[in-house]
Amino acid sequence: MAELVADLRAETADLAGMVENLDAAGWDLPTPAAGWAVRDQISHLAWFDEAATRALTDPGGFRAARDGLLAKGESFIDELAHADRRSPRELMDGFVTARARMIGEFERTDPRLRVPWYGPDMSAASSATARLMETWAHGQDVADALGIARVPSVRLRHVASLGVRALPYGFAVRGLALPSDPVRVELTLPGGDVWTAGPAGADDVVRGPALDFCLLVTQRCHLDDTALEAAGATATAWLKIAQAFAGPPGAGRSPGNTPALAKRRV
């Protein structure tokens, strides 16, 4: 948990650095997420940071509130993001406050504790990993809106780990049967180290850059824009529906709409 919290703080600082000096027009710039401006990305993170804190400290209250939101259907996420119309300064202060409280709770929590969320229950360590993943993914939306080329870091291993563990969820949330064949994942991290998951010797394998994989499982790119290679029916099917986040299947991105990869390969 200490390592996760340190990396979550670093990811938070990376995002904060992109927006801290934005003027009002910058906060209203559209991001690649349809209908979402930069301000909506920050309000979304702040709201779900508060939800994560409640899941840790008041799981019963969280479940009751969650069930009410889920009953509204898929639109509730957009509605929550668009409802926060505070000034940029107030919005950023709210995010910083919510993030600090959540991180404090993670530091005090047994990483093995099971906590509820909007998908399956998970460990507190997985919850912290999910918040890091969300910070990185929404940070990518902000970077794309502002024309910033982020330098990938080895923190991508957390996003990759969550993406691999969410393999069954990608099938289940679409009502598809989970294939029985195991998948081996071999990804090259920034700096050249290779990160692996899954049994060695598996017939189904995914290989490629960690950045590409992380963009794919957070649905920030189309598979056709990546340098990922898949061998085997299960690995091939998974990459088409991979989803590291809880909730309904996302629409994904259209091909040719991945600035982070385009800039890297020019």
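Visitor: Which residues does the UniProt feature "domain: Mycothiol-dependent maleylpyruvate isomerase metal-binding" cover?

Guide: In UniProt, an unreviewed entry places this feature at residues 8–143. The model shown here is predicted.

Visitor: How many residues does helix α1 have, and what does it reach from its first C-alpha to its last?

Guide: The expected span of a helix is 1.5 Å times one less than its number of residues. Helix α1 (residues 2–19) has 18 residues and reaches 26 Å, close to the 26 Å expected.

Visitor: Which residues of α1 are buried?

Guide: An α-helix has 3.6 residues a turn, so residues three or four places apart point the same way. In α1, the buried residues include Leu4, Leu8, Glu11, Leu15 and Val19. The buried residues of α1 pack against α2 (24–27), α3 (38–57), α6 (88–108), α7 (124–146) and α8 (156–165). As for α3, it is largely enclosed by the rest of the structure, because 16 of its 20 residues are buried.

Visitor: Is Gln243 buried or exposed?

Guide: A residue counts as buried under 20% relative accessible area. Gln243 has 1%, so it is buried. This residue is found in the loop between α11 (233–241) and α12 (259–265).

Visitor: What does the side chain of Gln243 reach?

Guide: The side chain of Gln243 comes to 3.0 Å from the backbone oxygen of Phe245. Beyond its neighbours within four places in sequence, Gln243 is in contact with residues including Tyr169, Arg174, Gln219 and Pro248.

Definitions and conventions: Residues are numbered from 1 along each chain as its sequence is written. This is a predicted model: local features need pLDDT of at least 70, side-chain atom pairs count only at pLDDT 80 or more; totals for chains, interfaces and linings use all residues. Side-chain values use heavy atoms; hydrogens and water are left out. Helices (H or I, at least four residues) and strands (E, at least two) are DSSP runs, numbered from the N terminus. Buried means under 20% relative accessible area, exposed over 50%, partly exposed in between (1.4 Å probe, protein chains only). A polar contact is a pair of N or O atoms within 3.5 Å; within protein, one must be able to donate a hydrogen and the other to accept it, and residues adjacent in sequence count only if both atoms are side-chain atoms. Contact means heavy atoms within 4.5 Å. UniProt positions are given in the numbering used here, feature names are shortened, and annotations may be inferred rather than shown by experiment.
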